Amino acid sequence: MAGIYIHIPFCRQKCYYCDFYKTVNVTQTDSFIAALKKEAALRKAYIAKEKVKTIYFGGGTPSVLTGSQLSFIMKFLNYYFSVTPDAEITFEANPDDLTKEYLHVLKNEGINRLSIGIQSFQDEFLKKMNRRHNAEHAIESIENAASAGFSNLSADLIYGLPGLTQQQWKMSLQQMFSLPVEHLSAYHLTYHEGTPFYTWLKKGTLKELAENESVNQFNLLLDETAKAGFEQYEISNFAQNGMYSKHNSAYWTGEKYLGLGPSAHSFNGVSRRWNIAHVDGYLRGVENESGWFEEEQLSEKDKFNEYILTRIRTKWGISVREISERFGNEIGKQVKTIAGKFLQSGKMIENSGIYTLTRDGLFVSDDLMTDFMII
Ligand code: SF4
């Protein structure tokens, strides 16, 4: 079983908080897609024996693709890989791109899960972030997607924004739960170096939300999602009726995946590869069949740290038995001792040898991870 991630590195404009690799030069899409096809052909052996159960179009903004461009990509993916008929095929989209016509195209091309970048239901914050849509577009896009027959809809929201009040955050969450979404990804704002938000924070023209406000907003998120019947299955991800993102869950449980496109990562259990985060460099590298990615072989220590990093954030937790089997009894014992400390302080709970974070633990998950990891 494997997944394929495709990075579409184009955006119509840049959001002020975003550090994903993207360019606003959308004139390169055709040459990019030709390179993507070539990369798929060059790398098909990476997951040749595997059934592809998930495909994820991320970015950037996949919804800058035209219907015929998407159709072409789907054709070569099906040609080079063994995509199962029931594969989860997720497509990230911006609300302003989701016209009724475009939704129809996506449906026809086999997209069966949409991840819509809503971020906020308040115009004031959408403007602050330099998003292209407004609150009305956000609502309409979800309603139209549901009417077009999408029954697996995910939406992204951002909290911890400068000036966001508890009341406003509550309104955004309640608005979300009044709409037909099955999945929510909610992220606290991060000030990434190189973004306008980061620059303004350093200059003092933008004021970070106080820490206690951030904690309150996270608490509100957990309370409101639970009230609305959404299960938290990863720190930032919530689903109704078990409709987890299969693609992301596969990352967190260590499945193989192949990443295509600039800045995309690949993982096969023994090594990790990452493509160059630059469209021109990517086009040149793929054309010359060299130099468009870097690769590292994972040591046992890397594999263990990877296990902790990905599993501790999820409802599947860390299993002492699995750790002992994969990394040896000594490491298993060490993990049990450290986890014991967190059981006592109420940051973790244990069920049949599986340790998961409590709400108190979620707040300090980064510190907890560091304690488990082998330096
Ligand atoms: S948040 Fe999405 S739309 Fe905005 S710049 Fe980043 S990738 Fe592009």
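This is a predicted model: local features need pLDDT of at least 70, side-chain atom pairs count only at pLDDT 80 or more; totals for chains, interfaces and linings use all residues.
Where does D360 lie? The place of D360 is helix 14, which covers residues 359-363.

**D360**
- Leaving aside residues up to four places away in sequence, D360 touches G346 and K347.
- Between D360 and E50 there are 39 Å in space, C-alpha to C-alpha, and the two are 310 residues apart in sequence.

**Helix 11 and helix 12**
- Helix 11 spans residues 300-311 and helix 12 spans residues 320-327; their axes come within 11 Å and cross at roughly 165 degrees.
- Helix 11 is therefore roughly antiparallel to helix 12, since angles over 145 degrees fall in that class.
- The crossing of helix 11 past helix 12 is right-handed.
- On the helix 11 side, the contact is made by E300, K303, F304, Y307, I308 and R311.
- On the helix 12 side, E322, I323, R326 and F327 make the contact.
- Five nonpolar and five charged residues make up this contact between helix 11 and helix 12, with no polar ones.

**Ligand shell**
- Around the ligand are C11, Q13, K14, C15, Y17, C18, K22, G60, T61, N94 and R131.
- Sorted by class, this shell around the ligand holds four nonpolar, four polar and three charged residues.

Notes:
Residues are numbered from 1 along each chain as its sequence is written. Side-chain values use heavy atoms; hydrogens and water are left out. A residue is near a molecule or strand if one of its heavy atoms lies within 4 Å of it. Ala, Val, Leu, Ile, Met, Phe, Trp, Tyr, Cys and Pro count as nonpolar, Asp, Glu, Lys and Arg as charged, and the others, Gly among them, as polar. Helices (H or I, at least four residues) and strands (E, at least two) are DSSP runs, numbered from the N terminus. Contact means heavy atoms within 4.5 Å. Axes are lines fitted to C-alpha atoms, for helices over the stretch in contact, and angles run from 0 to 180 degrees between N-to-C directions. Angles under 35 degrees count as roughly parallel, over 145 as roughly antiparallel, 65 to 115 as roughly perpendicular and the rest as oblique. A crossing is left-handed if the near helix is turned anticlockwise from the far one by less than a right angle, and right-handed if clockwise.
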